Amino acid sequence: MASGTALIYDEEMTTHKLLWSDPVCGIEVPERLSSSYDQLKRYHLVERCVHVPAREGSKEEILLVHSSEHLEVAKSTQTMNEEELKKVSGNYDAFFFHPNTYRCARLAVGATLELVDAVMSGKVRNGMALVRPPGHHSQRNAANGFCLFNNVAIAAEYAKLKYGLQRILIVDWDVHHGQGTQYIFEEDPSVLYFSWHRYEHQEFWPSLKESDYDAVGLGKGRGFNINLPWNKVGMGNSDYLAAFFHVLLPMAFEFDPELVIVSSGYDSGIGDPEGQMNATPEVFAHLTHFVMQLANGKLCVILEGGYHLKSLSESVCMTVKTLLGDPVPQITGEMAPCLSAVESIQNVRAAHKRYWKWLMYEDTSFLQNLSTKSHLLKKANPNPSIEHESKITNKDEAVKVERFLELHMKNILFPVPPIKTATTDSKGSVHLLPVPVHFVKEMDKTEIKALVSGFYADIVKEDKNLLSLGSMLAILDKILKKEACNGIAESPTCSVSVAVALRHSVRFGFQRVLCIFVGDMEIIPNTEDGKILMIHICEKEQSGKTRSKHYISLNWKEDAEGNDFFSAVLGFILPVAYSYQPNLTVIAVGPNRSLGINGISLLFSLLQGLAESRIFAVIEDTEINVMQSVAKALVGASAPHFGVYVPPTQEKVNKIKILRDQFQQEWRMLQCSVKDGISRN
Ligand code: X5A
Ligand code: ZN
């Protein structure tokens with residue numbers, strides 16, 4: 001697979017600026033681009049990317065989406081004076097022309113297409129284009145919402161035409177609805193468009209009926225337009241992640257795109273005057289990490305909105321850092337979606353039930369008839385003086401957020417461990433690994449004995465076990481000391497090794513260790529103090545072992561036809577894991593595993609978003625093939641391969657539902673419907 005991350009930035013796109021005063025358009029400033037780029041330089045991210053020059057998009061390319069009338073109007077503004085510019089601008093909802101706007105908009109289109117070419121040709125794995133003006137509000141025949149040409153829509157049409165792509169996913173995490181993009185692909189089943197947006201029951205701009213969850217696409221495109229309206233401001237990290245787990249990601253894996261394009265607006269981040277949301281920059285690392293798992297990693301991220309300069313530039317940096325493959329920072333704070341978010345998630349799932357196989361067996365009978373959805377439109381602010389006051393507070397607020405972020409980034413960023421993947425070479429089988437791993441020195445017997453003294457005493461009597469424990473602990477130590485990001489150990493007795501590893505990690509000082517154990521487990525670690533959360537995946541119901549908040553048994557036998565484990569990972573394992581917020585993840589593959597290699601790779605890839613990407617893999621030593629795919633997933637050098645998507649059976653859907661009902665009070669990221677009167681924050 002291709003490696004490397006492209007970054008496209010051209011200073012000329014900062015010449016497009018507002019020449020008169022206008023409170024609506026005044027926020028779309030050139031500094032949005034330059035301050036993002038400066039911050040990328042400060043984090044030394046620019047030098048790690050492949051620089052790809054921008055170019056002008058050609059007329060033919062622009063005409064893939066826009067009318068020639070629209071193109072001509074735009075072109076004609078190049079020679080206009082201020083008065084004339086103001087007049088044409090007035091023909092549109094929230095747009096301004098500058099004499100160089102046309103040139104910048106063509107550069108924005110061309111930059112986006114260059115990125116598509118770089119990714120599709122395999123020159124790079126993924127990349128980001130920093131462009132102005134943005135694109136997603138722009139329509140066939142109209143500029144709108146700071147957008148002149150729809151960069152992302154043109155890119156999708158271009159990729160279809162030039163590379164013959166049949167499935168493209170557009171993820172629009174900008175806080176506004178990209179209604180322009182929706183209109184362009186409404187009837188097109190080859191482009192799956194997902195957008196979440198501030199909506200407030202149609203109160204928020206652009207205040208369209210068709211931004212609601214029941215706009216699912218038209219004609220052949222039915223089911224390929226996904227709107228997730230936020231009906232309250234203040235949505236945060238947990239709401240966004242819940243939307244990914246319970247809506248976007250299952251759709252996306254079922255859709256199986258060949259290319260992912262992100263309409264990457266950061267006005268959905270904290271401090272933004274437009275969005276009024278609460279998500280912190282690191283959430284964009286997680287969102288990026290998730291979409292990187294699709295389409296063989298082929299991912300183009302295109303800037304859209306984002307108007308709080310500090311929030312914007314930090315979020316851009318988190319995105320690029322993640323594209324480069326750096327470990328993902330931990331999300332802090334309570335992990336639970338709010339009631340309003342859960343309602344929206346529930347509604348969009350219900351609206352799409354008939355179009356998506358993974359939703360087929362979801363029970364939505366309790367829902368009110370969709371056509372009777374209530375439109376409780378709020379009255380406009382009757383007191384304009386309050387509005388004025390709130391503007392003053394907004395400025396204070398912006399400064400407050402700036403200070404908060406300055407400190408916050410210092411807290412969440414951490415040095416990247418010098419070693420990516422550590423292992424030992426006890427039996428020589430690691431030489432068969434297809435990717436570069438780092439070999440660490442094994443411990444000697446006295447060292448090991450000291451470490452496991454008085455613990456599993458009879459186990460350490462056997463020399464063979466002692467040696468394997470020694471090599472396992474040597475790798476684990478590298479991870480605990482943050483010298484390695486992740487590691488792989490092979491063991492003749494997986495569950496013994498895991499028990500020792502968990503105990504050792506907790507003693508070392510790790511407060512929350514998540515363990516996913518696949519296969520038969522002979523020793524059940526004590527999970528009572530909450531410092532370990534065990535999810536045990538096995539074929540048969542475990543009798544006699546009590547289920548508790550910290551010991552969860554998931555009986556899952558992977559489908560023989562393909563990978564149906566997606567629904568368990570997205571619908572259960574990830575939500576539980578993100579609710580717990582571990583600082584170390586241990587994934588073990590023991591004897592008699594009930595998952596195939598594809599299912600196991602999926603676990604490893606998706607769980608890398610947790611615990612600053614610290615994962616310790618313990619694999620039963622007979623499983624050379626598993627070792628190889630796990631090594632691939634952990635090193636991150638090659639594309640994740642999860643096998644053919646198979647939707648879950650009725651029985652499996654029920655299984656997840658039962659688990660969800662049982663645990664959603666405690667692991668609240670599981671919540672995706674409000675019918676059970678769940679407790680609320
Ligand atoms: C790209 C973008 C927002 C337009 C807001 C107009 N546009 N009120 O974020
Ligand atoms: Zn926006």
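**A few notes on the ligand site, helix packing and backbone**

1. Let me start at the ligand: an oxygen atom of ligand 1 sits 2.6 Å from an N or O atom in the side chain of Tyr 307. This is a polar contact, meaning a pair of N or O atoms within 3.5 Å; within protein, one must be able to donate a hydrogen and the other to accept it, and residues adjacent in sequence count only if both atoms are side-chain atoms. The protein buries 96% of the 310 Å² that ligand 1 exposes when taken alone (accessible areas by the Shrake-Rupley method with a 1.4 Å probe; for residues, only the protein chains shown count as cover).

2. A word on the basis: this is a predicted model, in which local features need pLDDT of at least 70 and side-chain atom pairs count only at pLDDT 80 or more, while totals for chains, interfaces and linings use all residues. Residues are numbered from 1 along each chain as its sequence is written, chains are lettered from A and ligands numbered from 1 in the order in which they are written, and side-chain values use heavy atoms, with hydrogens and water left out.

3. Back to the site. Two further polar pairs are worth a look: a nitrogen atom of ligand 1 lies 3.0 Å from a polar backbone atom of Gly 145, and an oxygen atom of ligand 1 is 3.2 Å from an N or O atom in the side chain of His 176. In total, 14 residues surround ligand 1 (a heavy atom within 4 Å), and His 137, Gly 145, His 176, Asp 267 and Tyr 307 are the closest. The shell has six nonpolar, five polar and three charged residues; here Ala, Val, Leu, Ile, Met, Phe, Trp, Tyr, Cys and Pro count as nonpolar, Asp, Glu, Lys and Arg as charged, and the others, Gly among them, as polar.

4. Now helix packing. The axes of H17 (residues 566-580) and H20 (residues 650-663) come within 10 Å and cross at roughly 10°. Helices (H or I, at least four residues) and strands (E, at least two) are DSSP runs, numbered from the N terminus; axes are lines fitted to C-alpha atoms, for helices over the stretch in contact, with angles from 0 to 180 degrees between N-to-C directions. H17 and H20 are therefore roughly parallel (under 35 degrees). Ser 567, Ala 568, Gly 571 and Phe 572 of H17 meet Ile 656, Leu 659, Arg 660 and Phe 663 of H20, with contact meaning heavy atoms within 4.5 Å.

5. H13 (residues 445-452) and H15 (residues 463-480) pack at about 85°, their axes 9 Å apart, and are therefore roughly perpendicular (65 to 115 degrees). Their contact divides into seven nonpolar, one polar and three charged residues.

6. Finally, please check the backbone. The Arg 132 to Pro 133 peptide bond is cis, with omega near -10°, and Pro 133 is in the loop between E3 (126-130) and H6 (151-163). Another cis bond joins Trp 205 and Pro 206, with omega about 0°.

Definitions and conventions:
Parallel < 35°, antiparallel > 145°, perpendicular 65-115°, else oblique.
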